[in-house]
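Welcome! Have the structure open while you read.

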Amino acid sequence: MTSPLDLAPDDIFIDLTPSFRRPFFLKCEGFNFAGSVKAKAALSMISAAEEEGRLRPGSTVIESSSGSLGVALAAIAADRGYTFVCVTDNRCTERHLRMMRSYGAEVVVVSEPDPVEGLLGARIRRVRELCRETPGALWLNQYANDDNWRAHYRATGPAIVRAFPDLDYLFIGAGTTGTLTGCARYLKHIGHPARVVAVDSVGSVTFGGPAGTRHIPGLGTGRRPEIADESVVDEILMVPEQEAVRMCRSLARRGYLLGGSTGTVLAGAWQRLADADPTALAVGISPDLGERYLDSVYDDLWVRARFGDITDDDPLSHAAAGTLVGS
């Protein structure tokens, strides 16, 4: 191993069957130096730009990120000698901010949302401004960059099928939709019969729902990502953020400290599988671990200020009830 991103374990799965009371496995993507699934997309987009001659020694990379991709790009930039500027917003966790700055990245925090496209639209507008102001700067544009989803077509999808060839359901969170689109296209390409279920946050507009306030970074968007492709998705579930918080805290009481996006995916899976064959084999993807959310999802005051007194609720202790919006 000569680079931090060379550490890329792709075969770590948690058996959550005892908690879910049905065959359920969670693919954990947080065990790399970037700490999230975004390490794959970051490396794929950077490597493609290098091969195409769009990145050269000393280049400046600018990207919009809610946190995890920014951390991954900051690590790669530090390793390869690029200047990295991350444009994020005020929902980005303090730990994400500190990690990016520790790698030497410049972080620009946007606090005023675009009137139509929300904080994401405001971030992208600021990225474009910075690109105009910075000669030779490269915007990777994770929302429209095909090398985002290709990373998961090449690696994540095949790793899941190798581990679980008889998979029945695959639950994937929808942020930029890179992981979702790549895995779903891979399964469709090989003719695998598993149902691909996209899990998004209520308030996200990715799949045509109404925009709403969201507090947890990672999933959901204020504008539709260009790489989103519903044609390879079998179901779409919209999960209220309070259900994601409940699920995160429920798993923490069982020894698993997982990120907010993971909580959303698991809350969606828990509700959807309540009506499925109890022997069906399901896998969910966990984008990151939970230590970056200690000041938010796992902080009682933060949770109560946004969702009320839900801190003692334990969804896994009782049967699933209908709380999702399906599509």
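How many of the 14 residues of H2 are buried? The count is 11 of 14, so H2 is mostly covered; buried means under 20% relative accessible area with a 1.4 Å probe and protein chains only. Before going on, please note that this is a predicted model, in which local features need pLDDT of at least 70 and side-chain atom pairs count only at pLDDT 80 or more, while totals for chains, interfaces and linings use all residues. Residues are numbered from 1 along each chain as its sequence is written, and side-chain values use heavy atoms, with hydrogens and water left out.

**The helix H2**

Helix H2 covers residues 38-51. Helices are DSSP runs of H or I with at least four residues, strands are runs of E with at least two, and both are numbered from the N terminus. At 1.5 Å a residue, H2 should span 20 Å, and its end C-alpha atoms are 20 Å apart, which agrees; the expected span is 1.5 Å times one less than the number of residues. Among the buried residues of H2 are Lys38, Ala39, Lys40, Met45 and Ile46. The buried residues of H2 pack against strands E2 (24-28), E3 (60-64) and E6 (138-139), and against helices H3 (68-80) and H6 (146-163); contact here means heavy atoms within 4.5 Å. After H2 comes Gly53, whose phi is positive, near 80°.

On a 1 Å grid over the protein atoms alone, a cavity is a set of points where a 1.4 Å probe fits but cannot get out, and a pocket is an open set with protein on both sides within 12 Å along at least five of seven lines. Lining residues have an atom within 4 Å of a point. A volume is the space filled by probe spheres set on the points.

| Space | Volume |
|---|---|
| Largest cavity | about 490 Å³ |
| Second largest cavity | about 30 Å³ |
| Largest pocket | about 260 Å³ |
| Second largest pocket | about 180 Å³ |

Which residues are closest to the centre of the largest cavity? They are Lys38, Gly175, Thr176, Gly218 and Leu219, out of 38 lining residues. H7 gives the most to this lining, with 3 residues.

H2 also meets the second largest pocket, where it supplies the largest share of the lining, 4 residues. Ala8, Ala39, Lys40, Leu43 and Ala155 lie nearest the centre of that pocket.

How values were computed:
Buried < 20%, exposed > 50% of the residue type's maximum accessible area, 1.4 Å probe, protein only.
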